[in-house]
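Subject: Structure handover

Dear colleague,

I am passing the structure below to you, and my notes on what was found in it follow directly after. Please read them with the structure open.

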Amino acid sequence: MASDPTAVLKILSDYLSLRVEAALLERGLIYDAVRAVLAASWDSIPEAKRRVEALTELRQQEDFKKAMVTFSRVTNILPKPLKVDRTSLSVDPERFQEVAERELYERYRFVSAEVQSLWKRGEYADGFEMLKQLCPFIDQFFEKVMVMVEAKAIQSNRIHFLHSS
């Protein structure tokens, strides 16, 4: 048995996640929705179940897949592994050079607080609808902005922005 407290906590966390996954699947919930919810942070089993149910319903929406493709563009461009502490990420809007990145940044600031508030209240469908407002801005960002530029300060700022969002 591991004696390192961090290792023990990881083992327990992994075990608990597997047990929660099994319990949710036994209730007939969809495998990939369960895995997606458990891969994100979750605080309670009933809350995880509500999130899985909400995600399952959201997946039935006509534009869900298109929105997921747009959102995945953000994660796909980030370096793996990203070697920064998420809490230390700082974004300097003054370093934005393109209109598209400024527009996405402003829209994100407008939407993110409301989305977080809705999700904290368990209003996942409404939060997702609000989040989808970012899709045209994200698409425009990737059409107009080169993230991996040679200027390291600009590149770092763009990566930090995408990672923090």
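The axes of α2 and α3 come within 9 Å of each other and cross at roughly 130°, where axes are lines fitted to C-alpha atoms, for helices over the stretch in contact, and angles run from 0 to 180 degrees between N-to-C directions. The two helices α2 and α3 are therefore oblique to each other, given that angles under 35 degrees count as roughly parallel, over 145 as roughly antiparallel, 65 to 115 as roughly perpendicular and the rest as oblique. Their crossing is right-handed, a term used if the near helix is turned clockwise from the far one by less than a right angle, and left-handed if anticlockwise. Helix α3 also packs against α6, at an angle of about 55° and with the axes 9 Å apart, which makes α3 oblique to α6; this crossing, too, is right-handed.

Please bear in mind that this is a predicted model, in which local features need pLDDT of at least 70 and side-chain atom pairs count only at pLDDT 80 or more, while totals for chains, interfaces and linings use all residues. Residues are numbered from 1 along each chain as its sequence is written, and side-chain values use heavy atoms, with hydrogens and water left out.

As for the protein chain as a whole, its secondary structure comes to eight helices and zero strands, helices being DSSP runs of H or I with at least four residues and strands runs of E with at least two, numbered from the N terminus. Of its 165 residues, 33% count as buried, that is, under 20% relative accessible area with a 1.4 Å probe and protein chains only.

The largest pocket has a volume of about 1,600 Å³, a pocket being an open set of points on a 1 Å grid where a 1.4 Å probe fits, with protein on both sides within 12 Å along at least five of seven lines, and lining residues having an atom within 4 Å of a point. Of the 38 residues that line this pocket, A40, Q116, W119, L131 and S165 are the closest to its centre. Helix α5 gives the most to the lining, with eight residues, and the lining residues divide into 25 nonpolar, eight polar and five charged.

Finally, H163 lies in helix α8, residues 152-164, and is buried, with a relative accessible area of 17%.

With best regards

Conventions. Buried < 20%, exposed > 50% of the residue type's maximum accessible area, 1.4 Å probe, protein only. Points joined across faces, edges and corners; volume = space filled by probe spheres on them. Nonpolar A, V, L, I, M, F, W, Y, C, P; charged D, E, K, R; others polar.
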